[in-house]
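Dear colleague,

Please find below the structure I am handing over to you, together with its sequence. My notes on what was found in it follow directly after.

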Amino acid sequence: MNLLFASSNKNKIKEIQALLPANIILLGLSDINFTQDIAETASTIEGNAKLKAEFIWDYLSKHPTEIKIDAVFADDSGLEVEALNWAPGVYSARYAGEPKNDEANNKKLLAELKLQTKRNAQFKTVIAFIKQNDHQEFTGIIKGTIAYEPRGTNGFGYDPLFIPQGYRSTFAELDFETKNSISHRGIAVKKLVEYLSL
Ligand code: IMP
């Protein structure tokens, strides 16, 4: 099956590719020469995932590709911090404003939580999947806490600040396989794989 992931984020494509069985060929937007930015205008993580999947499905119906695409999916994720009323959530990528910048976002998060001892948080991913008339949604959540300072160099985004429950290391200190096996995106992708192999 040729499965198109509505993303050009190389980190994410690598993470997801590693979780798929060999009979699923994962393609990214660069494989179909799609270079536009899909505006993420919804006010929820679920809404943005749906919006991106529907946009690409519609695009493919109007612009047939050389490679036959059987199904598409899009994901949207965010970090939700309880003491911040579950912010930044859907606004995680641009928490510190435009242009999006991981280091600035991490600095802002630490500043917002400066005197806060209640530091529990969760990462959430929603995957929206479309194959013809079949529309599905898969959610992955991992709970954890926010560290007092950035630690580690692996990964991206808020990885240096997120300590998953049951671990002492931040996501950025964990190796690729370990993060991938427990992460929000990993959980959502495993649900998608289970669905596809039904
Ligand atoms: P996206 O919708 O998956 O692109 O995620 C939005 C934002 O959430 C990203 O720009 C990151 O700041 C953050 N984020 C999502 N997933 C992760 C992750 O696995 N590690 C760290 N940050 C993440």
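The accessible surface of the protein chain comes to about 10,500 Å², and carbon and sulfur atoms account for 49% of that area. Accessible areas come from the Shrake-Rupley method with a 1.4 Å probe, and for residues only the protein chains shown count as cover. Of the 198 residues, 46% count as buried; here buried means under 20% relative accessible area, exposed means over 50%, and partly exposed lies in between (1.4 Å probe, protein chains only).

Please note that this is a predicted model, in which local features need pLDDT of at least 70 and side-chain atom pairs count only at pLDDT 80 or more, while totals for chains, interfaces and linings use all residues. Residues are numbered from 1 along each chain as its sequence is written, and side-chain values use heavy atoms, with hydrogens and water left out.

Overall fold

The protein chain holds 5 helices and 7 strands, arranged along the sequence as β-α-β-α-β-β-α-β-β-β-α-α. The radius of gyration is 17 Å, close to the 16 Å that the globule rule gives for 198 residues, so the chain is as compact as a globular protein of that length. Helices (H or I, at least four residues) and strands (E, at least two) are DSSP runs, numbered from the N terminus; the radius of gyration is taken over C-alpha atoms, and the globule rule is 2.2 Å times the number of residues to the power 0.38. Along its principal axes the C-alpha trace spans about 55 × 30 × 25 Å. Among contacts (heavy atoms within 4.5 Å) between residues at least 6 apart in sequence, 56% join residues at least 24 apart.

Charges and salt bridges

The chain carries 23 positive and 25 negative charges, whose mean positions are 4 Å apart. Lys and Arg count as positive and Asp and Glu as negative, without His and the chain ends; each charge is placed at NZ of Lys, CZ of Arg, CG of Asp or CD of Glu. Side chains of opposite charge can pair when their charged atoms come close. With a salt bridge defined as a side-chain nitrogen of Lys or Arg within 4 Å of a carboxyl oxygen of Asp or Glu, the count comes to 13.

Three of these pairs are described here.

- Asp75 and Arg185 meet at 3.8 Å, N to O. The pair links distant parts of the chain, with Asp75 in strand β3 (residues 71–81) and Arg185 in helix α5 (residues 184–196), 110 residues apart. Asp75 is buried at 1% relative accessibility, and Arg185 is buried at 2%.
- Glu40 pairs with Lys52, the closest N and O atoms being 3.2 Å apart. Glu40 lies in the loop between β2 (25–27) and α2 (45–62), and Lys52 in helix α2, 12 residues apart. Glu40 is partly exposed at 40%, whereas Lys52 is buried at 6%.
- Arg94 and Glu98 meet at 2.9 Å, N to O. Arg94 is partly exposed at 36%, and Glu98 is exposed at 61%.

Asp75 and Arg185 also belong to a network of salt bridges that links them with Lys12, Glu15, Asp159 and Lys179.

The surroundings of Phe171

Phe171 is found in the loop between β7 (162–164) and α4 (176–182), and is buried at 1% relative accessibility. Not counting residues up to four places away in sequence, Phe171 touches Phe123, Ile142, Asp159, Phe162, Pro164, Lys179, Ile182, Ser183 and His184. Two of these neighbours, Asp159 and Lys179, are members of the salt-bridge network.

With kind regards
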